[in-house]
Structure formats: C-alpha cells, structure tokens
Amino acid sequence: MANRIQALAVLLLAAILAGMPVYAQQPPPQGTITPNYKDADIRQVIEAVGAVTGRNFILDPRVKAQVTMLSSAPMTADAFYEAFLSILSVYGFVAVPSGDLVKILPDANARQVPGAELSAGGGRGADDLVTRILTVRNVAAAQLVPILRPLIPQYGHLAAHPPSNILIISDRAANVERLVRIIERIDQESSSDYEVIRLENASAAEVVRVVTTLGQGAKTEGAAASSATLVADERTNSVLVSGDKNERLRLRTLVAHLDTPLQEGGDTRVRYLRYADAKDLATKLQSQYQKQAGPAAAGQNAPPTEKGEIAIWADEPTNALIITAPPKVMKGMMAVIDKIDIRRMQVLVESLIVEVSADKASELGVNWAVGDADLDNAVGITRFDSPVAGSGGVVGLAGAIKADDPALTAAALGKGLNLGVGRLSDSGLSFAALITALASDGSTNIVGTPVLVTMDNEEAEIKVGQEVPFVTGQYTNTGATGGNTAVNPFQTIQREQVGLTLKLTPQINEGDAVLLKIEQELSALAASVRGASDLVTTNRTISTSVIVEDGGTLVLGGLIQDDLTETQQRVPILGSIPLLGQLFRVDSTTKKKTNLMVFIKPTILRDDAQAAFETNAKYNYVRDQQVAQNPDKVRLMPGETRPLLPPLAPAAPPALDLRRLRIDDGATGSGAAAPGSEASGNAGTPGTR
C-alpha cells in the first residue's frame, strides 16, 4: 500500500512539472541522461544540449517552436546531440557548424550556408547538413537531375555540371547517402550496341514495318515494350538494330526468318492500297516506268512475256495493284507507293457571314386637280398629280370614287396616311385634293455559319437555299368581246435559287498554315421600304485566295455603306414658296445603312481522333438544340414525342481482322493472299473501299 502511495506521489509531481526538463541531481554513474520534454520551448532544449555537450550555439531570431521529446532509456551526450539534430529536422531547422560555434537556422536557408564537404565513407551524423560531389561515369549527370529532384527537400540542393559530368548534392547526411545508393544502381554500364543486318531477299523497309507492327501489337496486349530500335537503310537494303544484347539476338533471328527467298522468284507482287485509288495509280505508275517496260508490255492488262519487262494493272474490287517488275524496279516502285498511299489530312472550314442593314423612308406630298364635271378634263385645266407611296394619284382616286369600286379606290389611295377633299359634280367645276404621308422602316440581320469538311487539295462545295418564284410575265383578259370566247388569265414564273453557296479548295502548307481558294455567295430576300412590282433580292459574292493559320480567324472582306437619297417634285414657283409651297410639292427621303463582314476559320484534322472530336462537338450542339425544345411533349398530341438524335455511343475498339493472320502461299502460286499482305511477302493493308 505504501508503494502505491509513493508511486501516485511521483506521478502527481511529474504532472505538475510537465513541460519542464527533468535532470537528475547528479549525472548517472555511466554518464547518461534521460531527457523528457512536453511542449517545451526549443530554446530551453538548446540550452540543455549546450550544458550536456559543451557546444556553443547561435540562434537565428526565427528559431521558435514548442517541441516534445519522450525518452524511456538513458542516452549519452553524443546520442543526445543526435536526437537534438533530429528534433531540429522535424521542426524545420538545421544546425550548421562554424568553427567552435553551431548556427541554428531555418532549413530554408540551408543551401546558402557552408556545410561539411563529405567524401565517400565520411562519418557524419544522419541529420548533419553535408555536401557531396559525385562523378557519374556511364550516364549523363543532367539526365539524373529530374529523376532525383523529387527526392530532395525544398531546402536541399541538386545540380549537374555537364562538362565534367558530376552531380552536386547538398542535404542531410542520411538523405545524401540514400541518393548515392540510388545513383550507384542507375550508373551501370549498358550492354546496348549496334548491329547492321544486310538483307538479300526481303525489303529492309518492309521488314522494319512488320517487326515494328509486331512490337506495337505486343505492347497493346499488355506485354513489356521492347527497348530495341530498328531503322531501315534503303540505300544498302540493311536493317540497323540497337538495344540490349539479348534483344538484338532475338530480333536478328526474326529478321533472318523474314529474309528468305520466295518460292516463285518474286517478280510479281500484289499490293493492297489503303487510301489511294488503284486504277488511277496504276495508270500513273505505268506511264512512269513505260520506258523500262519494253515493247511487248504496251498493254496494261497483257501478262509479261519477256524477262525484265514491267506490267502494272489494278484490281478495282480489292483496290489492289498487281505489279510484275525486276527486283530493282520493284523496290523503287514500292517506295513510290509508300509515299503516295498515305492518309491525307482534312480541313474543317467554318465561315461566318454577318450582315446588318437598316432601311428608312419617308414621303409627304399633296396632289390636286381642277377640271370640268367629274374631272374628265382635269388635264386640260390644271393638275398636279405626283403619286405617293404607290397611290394611283388624285385623278385615279376620283375615277375610282365615281365608279363606286372599293377595290380601285383602295388601290388609288396607296399606303400610309391619306386625307382627301374635293367636289365631283355632273356639271360645273369639279376639284379634288389628296394629302398622302408615308414612313417605313426595314431592317435585316443575317448571321450564317456554313461548315464544310474536305480533304487537302480537294474542292468542296455546299449550297443551302431555296427556290424563289419571280413573275416574268402575265396576261389578263377583262372579258369576251365581239362574241369571242374569253381567254383565261395566266402568269409566267421563273424560279431562282436564293441562299448561300460556299466553294473552296484548301491546301495545307508546311507548318500550320492553310491556303484557301474561296468562292462564296450569299443571296437573300430584302426587306424593301417601297412598294415593288415583285420580290427584291440582295447578292453578296466573294472570290479570293488567303492564307490562314490552323485554328485562326481571318476577315475575307466586307462592306460598310451608308446611302441617303432625297427627292422633291414641285410646281414651278409655287412649290418654292415657304409654308404655302408644301401644297404644291411632293417630298421623299430614303436612307439605307449596310454593314457586311465575312470571316473564315480553318481547322486541320490531322487524324481520326481530331476529326471525331470536331464531329462530336457539332453533333452534340444540334442534339442540345433538339433537347431544348422539350422533346417529351408535343402540343395537341399527347403521347407523341419529337424526333431526337440518339446520343453518341463511345467508340468501340477496332475488330481483329483474322484474314490478316493468314500466311501467303506465294506471289503467283495457288495460295490466295489475304488483304493486308503482299503476294511476294511485302505486307500491306486493306484498301479503303
């Protein structure tokens, strides 16, 4: 019981003195110490370390922290100092020896103060700041810097000196030793070398293509990628191989198996084309090599009968070339086909057409006439009749009123405000006056964005519009006369296309520039401010050649036009009188302002991935427009849905073509060559059909 009370008293005393260093009244007999700290000021710890180890310390003003250290076993003064260095490392400080003094600094300044230059095998504490200079012998020192940089803390330093191929590392001793061990594992002598394999029968380019395709297929299936590199030297028909010794031996064996003579002599080959047209290419190749073909091979489809002659013909169903030629000519012809049968880049061209126009017109005038009964002889007496806004004039209005015809009266009045006054009598003097005022506004806002995709150096055209009828003639019969039968009235109409036409030919230059030959036409129905006998159309045409960067936007042309037309018709002298002259004249004013700009933006589609990206973007845009119309509901038709594009499905992986795995039985033998290979051993790919 007494022992428990004594233990509780010791624990209570320890709790009261928590956070304060605890030292024995006298050093232990073995010269050890058991320090324990809890949330103690780091300066107190430094004072204790100085008292135990006899070292002198200089503290940076930024050295401030509350540290905790728990020790259950006694330690020597040197071990206590090592533990102290670990405490500094944990709390972001570093101890830098400087003669008889030790500087305590934040580790952010560690690289700016001198540390111990440590050679191989030098004894330093694990948390001491040291600098190590390493000579790298087998690899480039600069290549190791990005590999080792993540292993160096922020306060450390790592640099390479390329002329001497050395590395300079500044960090704590333990981390420096770790980096040294890593560098020793990397800095190993490589077994890579070069070999030149000269081929006797096969084509070096074809062998490299087959072996490279085989390696890519193994990599796709998850196997380890080969570290060897194969390059074909067509001048010497050799294959250059570099890599590990075992890998080079394996590739040398594979190349030796491929470099075997053909059973039938190898004068005839079947070459499947992927992108080029076999019929067109056969004609061009035959024309190029016709001087070497000999007189017996004048016909393309005639089989060769003499040694050394050249014959080329195309098999359109398989888009393949069947070539008979000597080996030297065959090799050159295969090189030409390799350059021509390539995937051509495409160009997506977006044209932006913006037209904003405004038309305004105002007309004001007075028409009058004075004459005999019913104004039948108004011209003979006096008359000022200048129709306004398409009206029939004051005499026409008087005749319509006299005839009591509402239709003719409406036509004679015209548009706008019409105020009339007059007197029509069967005898005596008749007069009439008509005041007409008209103001009209018309505006046009057109934004067109035609999109067109075509291959490099191929002309493409898009037309978007409608057929608009225009009256070209008419015949009206008011009735039969003289007992003749009436003829039905008719009109002749001609339809003209109104809309947008874009024709272009892109040419991709070296780099990212695109040369565009463009012909663009935009026609539309105009909003006319005056009454016209028929429809009015506008036409905008641009024909030019420009160079635009890939993805850039260029203005092709435009028009900014401001027209103002003022017209006045008046009676001489009377129409010029102020105020009163308004009764003797007709004024009209027309103002038209047009703003037209045309922009172009080409985008080069270099591969199928970029083409799919642009296609998906346009597809999803159209589908989003359909979704925005609430496709789940159709007014007045419950249960019906609007037509909606299906969502795009993710691209499926290409299917394995088992036909390409068949082995060719020979060039002209009975074995059938599978698409994707050549009958003579040169592998090709199926043509695009």
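Leaving aside residues up to four places away in sequence, F57 touches I46, V49, G50, Y81, F84, V102 and I104. These contacts come from a predicted model.

F57 belongs to the largest nonpolar core, a set of 25 residues. F57 is also among the residues with the most contacts inside this core, together with I42, Y81, F84, L88 and I104. Several elements give two or more residues to the core. The strands among them are β1 (37–41), β3 (66–69), β4 (93–98) and β5 (101–106). The helices are α2 (42–53) and α3 (77–90). Helix α3 supplies the largest share, seven residues. A second core is separate and has 21 residues, including V514, L516, V548 and V598.

Strands of a sheet pair through backbone hydrogen bonds, either parallel or antiparallel. In this sheet the pairing is antiparallel, and the order is β13-β15-β14. Strands β13 (268–272) and β14 (311–315) stand at the edges. Each has a single partner strand, so one side of each lacks a neighbour in the sheet. On average, neighbouring strands are turned by 20° against each other, direction ignored.

The pairing of β14 with β15 (residues 320–324) is antiparallel and runs over five bridges.

Methods. Residues numbered from 1 in each chain as written. Predicted model: local features only at pLDDT ≥ 70, side-chain atom pairs only at ≥ 80, totals over all residues. Heavy atoms only, no water. Core = buried A, V, L, I, M, F, W, Y, C linked by side-chain atoms within 4.5 Å. Buried < 20%, exposed > 50% of the residue type's maximum accessible area, 1.4 Å probe, protein only. Helix = DSSP H or I, 4+ residues; strand = E, 2+ residues; numbered from the N terminus. Contact = heavy atoms within 4.5 Å. Pairing = 2+ DSSP bridges. Axes fitted to C-alpha atoms, helices over the stretch in contact; angles between N-to-C directions.
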